[in-house]
Amino acid sequence: MANFNTHLFVASAASAGAALIATNVHLITNADIPWLVFLGIVGGLLPDIDASNSRPVRLLFNVLALMGVAAALHTLKDSYAPYLLLLIATGTYLFIRYVMLNLFNSLTVHRGVFHSLLAALFFGLLMTCISYRLLHWDILHAWLNGVFIAFGFIVHLLLDELYSTNLSNLRMKKSFGTALKLFSYNNIAASALMTLCTIMLYSIAPSPMPLVTVWKGAQWNHYLALAMF
């Protein structure tokens, strides 16, 4: 299995390459590159949130805890005295960072449902919905955000499968097939729940037609001709 630094490097390189290609075919602009590369990197680290005490899961719950504190302070700032707000903020952070993290670790198994193409689709749609519904991005860029999250996610799965192959002896390791799979075959209940959540996300996602239109209008033939020479 590839380590954190390898996943970080490969996700960065792959996302930068994808963003540059998308720019060259006029799918995105230069201004979009840094943000989309960042999302590709995030997606490239997401699958390992099911690894207990891994860097990605600790980072995720640190971010969630800080977001929880910000939400609590914003909601309750006019209702409580400063010292009570401090206690609430502290309690919110500790609850999310430690209690919810431990609960999450106890309910997940490494290379389970989060190491699957279903999970890539789930997180891509989740990012699209968050971008459009909560952050009020336009439809095209909301979908691009989701696409780059899913792209980085799939790059992670492919890299894990590559590391499951012993190229020197041309044989497969026991871990082969546990990363790049459609869904978790060993936990049908978790896969069914994620499938249901994915369908619900798609139902509230904006129409993908703006992305499809821009994709069809991209100068793919011109780019391929230049790449061949």
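Reader: In which helix is H141 found?
Author: Start with how elements are named. Helices (H or I, at least four residues) and strands (E, at least two) are DSSP runs, numbered from the N terminus. H141 is found in helix 6. Two notes on the source: this is a predicted model, where local features need pLDDT of at least 70, side-chain atom pairs count only at pLDDT 80 or more, and totals for chains, interfaces and linings use all residues. Residues are numbered from 1 along each chain as its sequence is written, and side-chain values use heavy atoms, with hydrogens and water left out.

Reader: How many helices and strands are there in the chain?
Author: The chain has nine helices and two strands. Along the sequence, the pattern reads α-α-α-α-α-α-β-β-α-α-α.

Reader: Is H141 buried, exposed or partly exposed?
Author: Take the cut-offs before the case. Buried means under 20% relative accessible area, exposed over 50%, and partly exposed in between (1.4 Å probe, protein chains only). H141 counts as partly exposed because its relative accessibility is 21%. Over the chain, 39% of the 229 residues count as buried.

Reader: What lines the largest pocket?
Author: The idea first. On a 1 Å grid over the protein atoms alone, a pocket is an open set of points where a 1.4 Å probe fits, with protein on both sides within 12 Å along at least five of seven lines; lining residues have an atom within 4 Å of a point. Here the lining of the largest pocket has 32 residues, and L46, L60, L64, F123 and L126 lie nearest its centre. Helix 2 (33–45), helix 3 (55–76), helix 4 (82–107), helix 5 (117–134) and helix 7 (188–204) each give two or more residues to that lining. Helix 3 gives the most, with seven.

Reader: How much space lies in the largest pocket?
Author: About 1,200 Å³. Grid points are joined across faces, edges and corners, and the volume is the space filled by probe spheres set on the points.

Reader: Which classes of residue make up the lining of the largest pocket?
Author: Ala, Val, Leu, Ile, Met, Phe, Trp, Tyr, Cys and Pro count as nonpolar, Asp, Glu, Lys and Arg as charged, and the others, Gly among them, as polar. The lining has 32 nonpolar residues, no polar ones and no charged ones.

Reader: Where is the place of H115?
Author: H115 sits in the loop between helix 4 and helix 5. H115 is buried, because its relative accessible area is 0%.

Reader: Which backbone oxygen lies 3.3 Å from a polar atom of the side chain of H115?
Author: A polar contact is a pair of N or O atoms within 3.5 Å; within protein, one must be able to donate a hydrogen and the other to accept it, and residues adjacent in sequence count only if both atoms are side-chain atoms. For H115 the backbone oxygen is that of P47, at 3.3 Å. T23, in helix 1 (residues 4–24), has a polar side-chain atom 2.8 Å from the backbone oxygen of A19. T23 counts as buried, at 13% relative accessibility.

Reader: Which residues form one aromatic cluster?
Author: Rings of Phe, Tyr and Trp (its six-membered ring) pair if their centres lie within 6.5 Å. The cluster is formed by F61, F104, F114, F122, F123 and F153. Nine aromatic pairs are found in the whole structure.

Reader: What is the phi of H26?
Author: Most residues other than glycine have a negative phi. H26 is not a glycine, yet has a positive phi of about 65°. H26 lies in the loop between helix 1 and helix 2, and is exposed at 53% relative accessible area. H136 has a positive phi of about 60°.

Technical notes: Phe/Tyr/Trp six-rings, centres within 6.5 Å; stacked < 30°, edge-to-face > 60°.
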